[in-house]
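The following note sets out numbered remarks on the structure shown below. It begins with a single strand and its surroundings and then widens to other parts of the chain.

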Amino acid sequence: MNEKSNLRTPIVSVMGHVDHGKTTLLDKIRGTTITSGEAGAITQHIGATEVPIDLISKKCGDSNLANKFIVPGLLFIDTPGHHAFTSLRSRGGALADLVIVIVDINEGFMPQTKESLEILKRFKTPFVVVANKMDRIHGWNPTQDAPFSATYQNQSQRVKDILDQKVYEIVGELYEAGFNSNRYDRVTDFQRNIGVVPISASTGEGIPDLLMVLMGLAQKFLESDLSYDADGPGVGTVLEVKEEKGLGATIDLILYDGKLRKGDTIVIGSSGEPIKTKVRALLKPNYLSEIRTEDKFRQVNEVTAATGVKVSAPDLENVLAGSPIRAATGDVDRVVDEVKKELEDIKISTENTGLTIKADTIGSLEALANELAEEEIPIRKAEVGDISQRDIIEVSAIEDQYYSVIIGFNVKVLPDAKEKAQFSDIKLFVNDVIYKLIDDYKEWVEEKKA
Ligand code: GTP
Ligand code: MG
């Protein structure tokens, strides 16, 4: 911990289209190589990585950074491209304090990039855009880990022109999405303009610049938001519920406020009554390693925000990803009420008739429901989880043909459900992009009516 301040580590979420380089970027910052170890190099789970300020200074080539900045470091969350970044929310807003939107410079904006921007707009989260894979520009002359200006100077005029053009296109796309932006070194006021940082996650070029921009944003925008009571009861968001050998169901969570101790009573949101249980063990990955790839955890007695931690405790089987979690140090009933209230804030209003929707987390379900509400499409039932046989049976009983439909966002159709659906009149829509789901559904309704 940084003794100079009571500022917690800012939480930085990396968002972007599949394969645009989220994991590679974090690997590079961390100096490890998770991407090559992953099946098909696809991120299967969400992970969190803490990067302490001294490592950031080293990467920036500025040993004085720790004295200049009062945030203790950065906590990076990697969300897989097919995953709902929206699921990561905290009380009343987005879980991330800052966001990196990553764009493949050669491909430009993609559906998931646009969706990220919509969500950032709604939550008003400060962000920086990274134009990745600049080393793929034909004729690129790489200098490992060099700052942007240094490597830019080493490029031929042709390469410079291509790079400028690509950045210009991204600035145009951002403008269309409702944001003023410029290449980061031309931005004077980051409150009014979004910085675009050209980088290569592979060669590390531009990463010092990115880290500097992030630190600056964190410092500038977040001083008030990041002050916290390090000794207060822990508050967090569940990333994932995972079965671990010898431990049973465990939860990976991001603690964004206070302190969590071994033995603490914790209250966790669920689809029914909140779950009350006691922390049996707190398991922590080491600095610069990632929750999802670390198989040897070390036990700790307490953790302080912001951090990623695995919690082992009884009765975690039915916890939903995206749920709020709170330590209850005094009056447990009061904390149960608080958790209930937090869940009510993200309750989805349902009608007697309408669509059945499923999503992978509470947050993604909420995002889908919001978009449907905007289209005035009613929802009959909204649930977290894969599409199951039970869902098919339930929806079979619906008479209105336009609502004999299940919409799945970031979920699977379980095999027996698939089979059952084939022999029914139920229409399934499954996708990783919300507006694709809504467009597909609307199109299908139009066709049916025609
Ligand atoms: P998902 O987790 O599946 O959404 O993808 P991701 O955004 O994490 O992308 P990932 O980091 O796995 O990168 C996808 C592919 O692009 C991998 O083969 C990387 O090696 C490659 N890649 C990423 N960044 C760069 C870069 O800066 N330059 C080059 N040449 N290749 C890159
Ligand atoms: Mg990835």
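1. In this predicted model, the side chains of strand 20 are divided between two directions: L355, I357 and A359 point one way, while T356 and K358 point the other way, and all of them are buried. In a regular strand, side chains alternate between the two faces of the sheet. Strand 20, which spans residues 355-359, is accordingly listed as mostly covered, with five of its five residues buried.

2. Strand 20 has pairing partners in strand 21 and in strand 22. With strand 21 (residues 379-384) the pairing is parallel and extends over five bridges; within it, K358 has E383 as its bridge partner. With strand 22 the pairing is also parallel, and four bridges join the two strands. Here T356 stands opposite I406.

3. Most residues other than glycine have a negative phi. N410 is classed as buried because 24 other C-beta atoms lie within 10 Å, and the cut-off is 20 or more.

4. D145 likewise has a positive phi of about 60 degrees and is not a glycine. D145 belongs to the loop between strand 7 (127-132) and helix 6 (148-153). Is D145 buried or partly exposed? It has 17 C-beta neighbours inside 10 Å and therefore counts as partly exposed.

5. Helix 12 packs against helix 11 (residues 389-396) at an angle of about 25 degrees, the axes being 7 Å apart. Helix 11 is therefore roughly parallel to helix 12, since angles under 35 degrees are assigned to that class. On the helix 11 side the contact involves Q389, D391 and I392, which meet D416, A417, K420 and A421 of helix 12. By class, this contact comprises three nonpolar, one polar and three charged residues.

6. Elsewhere in the protein, eight strands form an open sheet with antiparallel pairing, in the order 14-13-19-10-11-18-15-16. Its edge strands are strand 14 (275-278) and strand 16 (298-300), each of which pairs on one side only. On average, neighbouring strands of this sheet are turned by 40 degrees against each other, direction ignored. At one end of the order, strand 13 (residues 265-268) is joined to strand 14 by four bridges, and the two run antiparallel. In that pairing, T277 of strand 14 is the bridge partner of I266.

7. The peptide bond between A305 and A306 is cis, with omega about -10 degrees. Most peptide bonds are trans.

8. Some totals place these points in context. The secondary structure of the protein comprises 13 helices and 23 strands. Of its 450 residues, 46% are buried. Among contacts between residues at least 6 apart in sequence, 72% join residues at least 24 apart.

Terms used. Residues numbered from 1 in each chain as written. Chains lettered and ligands numbered in written order. Predicted model: local features only at pLDDT ≥ 70, side-chain atom pairs only at ≥ 80, totals over all residues. Buried ≥ 20, exposed ≤ 12 C-beta atoms within 10 Å, placed from the backbone. Contact = placed C-beta atoms within 7 Å. Pairing = 2+ DSSP bridges. Axes fitted to C-alpha atoms, helices over the stretch in contact; angles between N-to-C directions. Parallel < 35°, antiparallel > 145°, perpendicular 65-115°, else oblique. Nonpolar A, V, L, I, M, F, W, Y, C, P; charged D, E, K, R; others polar.
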